[in-house]
Amino acid sequence: MATMKDVAREAGVSLGTVSRVINHASGIKPATLEKVNAAIEKLNYVPDQYARGLKIQRSMTIALMVPTIWNPFNAEFAYHVEKALTKQGYKILLCNYDDDPEQELNYIQMVRENKIDAIIGITYGDIEKYVDSRLPFISIDRYYKQKVSYVASENYQGGRMAAAELLKHGVRHPAFVGSYNQYPNDTTQRYTGFCDYLKEHQLPILAIHELEPVESLLPFLDRLFDQHPEIDGLFCNTDTVLYDVLRWSYVHGIKVPDDLQLIGYDGMRLSDQQRIPVSTIAQPLKEMAEKAVQLALAKLANPQMPEQHVFFPVKFVEGFTTKNNQTDFKERLLKNPMD
């Protein structure tokens, strides 16, 4: 089995240079980097990550906390986080905390005890008092009173975009369907952006906007449509909610998109190459995951790093839940899987 010394000899560089390449140090000349990587590939050298971790006093593991892995958004985000961490020589520890605050606190404690190096968290629990600016913790969507870096999509612009697209597609009586968490997070801006756009166009605000936990939005849909049967378009604040509305529409004999047009939010995928073909405001999950990993590693390298708030642009993706030129849509769907 090849050793680091073998790699140094093959590349014609010092042992320290090989170590710097393996540990992704900055300031290495491109030619040197190319020689060392070529030697690593030729000798099939595999770094001893455990020994490396002991040397730099790290576990080489970063935890990703998600409320549930059953949510396709969380699963897809986890996929991209793991890919980004692997490129940096790190492992992922997936925490499926299932809305249990104790589980969230356990993982925060693991960071404090140096059992894991950092946390990337999609969190909605009561953990505010346990999170501080010294903790290597990168938040997704949610912001804290403490100075913590977070990554989000442009949720406010996404809400405005959804309203604009519904009107562009001929909707005359749009409404919002979704829920919100009691702890401050950026996803509520989807609702704010949607409402602001309607106000600017002198349209009434019709909405289901319920405080979580919500067992089911279906009874609220019954009530909303009993009171406002004229509604012909809905912005669902997640693609998961959109599918609940699709099921409700089918049961009530409402045709989508002929009678009711739907736009979701997230841009969930069936696979790495294929989106679920609903109309949605798509988030760039791969880029968001890569940025979260970058921030986590930067925080480890510099614990005094000031917090960063990073927002990624969103885009509208046409699907079968809005009215469109069906011929063009079918051709695009066959040529390109809604990327």
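On the H7 side of the contact between H7 and H8, the residues are Asn155, Tyr156, Gly159, Arg160, Ala163, Ala164, Leu166 and Leu167. They meet Gln189, Arg190, Thr192, Gly193, Phe194, Asp196, Tyr197, Leu198 and Glu200 of H8. Please bear in mind that the model is a predicted one.

How are these two helices arranged? H7 spans residues 155-168 and H8 spans residues 188-200; their axes lie 6 Å apart, at an angle of about 45 degrees. H7 is therefore oblique to H8. The crossing of the pair is right-handed.

I turn now to a second pair. Helix H9, residues 218-227, and helix H10, residues 239-251, cross at roughly 60 degrees, and their axes come within 10 Å. Because of that angle, H9 is oblique to H10. The crossing of H9 and H10 is right-handed. H9 contributes Leu218, Leu221, Asp222 and Phe225 to the contact, while H10 contributes Asp244, Val245, Arg247 and Trp248. Five of the residues in this contact are nonpolar and three are charged, with no polar ones.

Finally, the protein as a whole. Its secondary structure consists of 12 helices and 14 strands. Of its 339 residues, 48% are buried. Considering contacts between residues at least 6 apart in sequence, 67% join residues at least 24 apart.

Methods:
Residues numbered from 1 in each chain as written. Predicted model: local features only at pLDDT ≥ 70, side-chain atom pairs only at ≥ 80, totals over all residues. Heavy atoms only, no water. Axes fitted to C-alpha atoms, helices over the stretch in contact; angles between N-to-C directions. Helix = DSSP H or I, 4+ residues; strand = E, 2+ residues; numbered from the N terminus. Parallel < 35°, antiparallel > 145°, perpendicular 65-115°, else oblique. Left-handed = near helix turned anticlockwise from the far one by under 90°. Contact = heavy atoms within 4.5 Å. Buried < 20%, exposed > 50% of the residue type's maximum accessible area, 1.4 Å probe, protein only. Nonpolar A, V, L, I, M, F, W, Y, C, P; charged D, E, K, R; others polar.
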